[in-house]
Amino acid sequence: MESRVEDIVIVGAGIAGLATSLGLHRLGVRSLVLESSNTLRASGFAFATWTNAWKALDALGVGDILRQQHLQLHGLVTTSLIKGEETSSTALENVTGKHGAHEVRCVRRQLLLEALVNELPSGTIRYSSKVVAIEESGFSKLVHLADGTIIRTKVLVGGDGVNSVVAKWLGLKKAAFSGRSAVRGSIMLKNCHTLEPKFMQSFGKGFRFGVIPCDDKTVYWFFTWTPTEQEKKLEENPAKMKEFVLEKLENMPSDFRAFIENTDLDHFLSSPLRYRRPWELVVGNISKSNVCVAGDAFHPTTPDIGQGGCSALEDGVVLARCLGEVFAAKSVRDIEKKNGEEEEKEQYKRIEASLKKYADERRWRCINIISTAFVMGIIQQSESKVVSFFRDKILAAFLVGILLKMPDFDCGKLSSS
């Protein structure tokens with residue numbers, strides 16, 4: 001049975017976990033990332049990466065790498081399939097927020113994860129490392145893995161997704177089902193597509209559909225709706241689900257439908273949409289002693305304002321900054337001047353305070369994201385004729401404004417100095 005000691009253990013090599021690890025590495029602090037899979041996992045194919053995410057990626061030092069691999073989007077276009085007309089069109093170059101011009105790209109998840117991993121020291125990620133138990137041990141936590149390994153750590157970070165073991169240890173409830181589902185797909189074409197570099201989404205009766213180019217040959221698309229009990233069974237059959245989506249989108253232009261028709265079934269993902277009830281974050285533990293959560297383990301949200309992955313990147317920068325203040329060389333030297341047990345206790349107190357600072361900084365931002373996304377989802381996907389009328393005729397510009405307001409945020413640099 002292997003046993004080892006680490007300063008910081010991060011569970012999950014997803015966006016939040018890798019961003020935190022890279023942030024710490026940039027500050028000269030080592031961490032160990034535990035990934036249950038035997039390789040990097042990139043579920044969801046791609047996601048809209050907004051201005052706030054690019055601020056975080058630049059802080060982590062990988063922004064320009066990803067800019068070279070993805071098209072910058074110049075506009076947002078919404079269309080009503082019920083009315084058969086465009087309801088809003090926004091040129092992003094004409095919109096400036098408090099934190100500068102808006103920057104939006106549709107980033108492929110695999111390329112994002114690889115960009116983060118490639119900047120980490122070799123050996124940072126331990127694959128095939130499923131956490132099965134967490135145990136208290138003085139000022140440390142003992143992390144038990146499925147293979148019998150026990151890791152003693154001063155800090156434990158849960159970046160282990162919507163079914164987080166760490167979130168459960170903190171007492172957070174399981175993410176709730178929103179009652180809605182999403183189908184996502186990605187297609188890589190042999191020749192360049194003819195799409196304009198825009199975020200294009202359409203609203204129908206009870207569903208939302210979007211198409212976004214990632215680069216000259218890769219297109220990402222999504223479809224969200226409220227499934228009946230019968231339709232939920234389709235999620236287990238990608239071929240049937242494809243037929244269902246195409247039937248729903250019979251009024252879409254043929255070139256948009258072609259992206260779905262030509263998407264391979266192994267690039268076709270269907271799943272229920274889950275979220276954490278906002279009030280659970282008001283009273284729940286985002287951190288406790290020397291343990292905290294980040295990303296979907298912290299604030300799973302519906303995708304209606306495109307902030308899930310973006311906010312996970314924010315988490316990584318803020319958490320690394322807070323922990324960096326504890327584990328920076330000067331702080332460690334100051335603590336080492338004390339004797340053994342006193343030194344351990346002093347560092348534990350600093351760790352606890354740093355994680356509380358992180359939780360306090362992130363709590364209301366994430367509550368706002370979850371709440372806004374949930375309400376936007378109800379409006380955008382409504383089957384009500386009245387709500388659809390207001391959405392398409394009166395609220396279209398207002399909804400775009402909300403979509404642009406949430407990314408107008410800067411999580412700051414890695415160092416507070």
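Asn52, Ala53, Ala56, Leu57, Ala59 and Leu60 of helix α2 are in contact with Cys310, Leu313, Glu314 and Val317 of helix α10. Contact here means heavy atoms within 4.5 Å. By class, this contact has eight nonpolar residues, one polar and one charged. Ala, Val, Leu, Ile, Met, Phe, Trp, Tyr, Cys and Pro count as nonpolar; Asp, Glu, Lys and Arg count as charged; the others, Gly among them, count as polar. The model is predicted: local features need pLDDT of at least 70, side-chain atom pairs count only at pLDDT 80 or more, and totals for chains, interfaces and linings use all residues. Residues are numbered from 1 along each chain as its sequence is written, and side-chain values use heavy atoms, with hydrogens and water left out.

Helix α2 spans residues 51–60, and helix α10 spans residues 308–327. Helices (H or I, at least four residues) and strands (E, at least two) are DSSP runs, numbered from the N terminus. The two helices pack at an angle of about 35°, with their axes 8 Å apart. Axes are lines fitted to C-alpha atoms, for helices over the stretch in contact, and angles run from 0 to 180 degrees between N-to-C directions. The crossing of α2 and α10 is left-handed. That is, the near helix is turned anticlockwise from the far one by less than a right angle; clockwise would be right-handed.

Helix α2 is mostly covered, with eight of its ten residues buried. Buried means under 20% relative accessible area, exposed means over 50%, and partly exposed lies in between (1.4 Å probe, protein chains only). The buried residues of α2 are Thr51, Asn52, Ala53, Trp54, Ala56, Leu57, Ala59 and Leu60.

Helix α8 covers residues 254–261. Its buried residues are Phe256, Arg257, Phe259 and Ile260. Seen down the axis of α8, they fall within an arc of 145°, so they line one face of the helix. The arc is that of the directions from the helix axis to the C-beta atoms. An α-helix has 3.6 residues a turn, so residues three or four places apart point the same way. The cover over the buried residues of α8 includes strands β13 (176–188), β14 (198–204), β15 (207–213), β16 (218–225) and β17 (268–275), together with helix α7 (238–248).

Serine 128 sits in the loop between β9 (125–126) and β10 (131–137). It is partly exposed, at 44% relative accessible area. Serine 289 sits in the loop between β18 (287–288) and β19 (291–293). With a relative accessible area of 12%, serine 289 is buried.

Valine 162 lies in the loop between β12 (150–158) and α5 (165–170). Its relative accessible area is 29%, so it is partly exposed. Leaving aside neighbours within four places in sequence, valine 162 is in contact with Ala175, Arg274, Asp296 and Pro300.

Serine 354 belongs to helix α12 (residues 340–380). Its relative accessibility is 5%, so serine 354 counts as buried. Beyond its neighbours within four places in sequence, serine 354 is in contact with Cys322, Leu323 and Val326. The C-alpha atoms of serine 354 and threonine 301, 53 residues apart along the chain, are separated by 25 Å.
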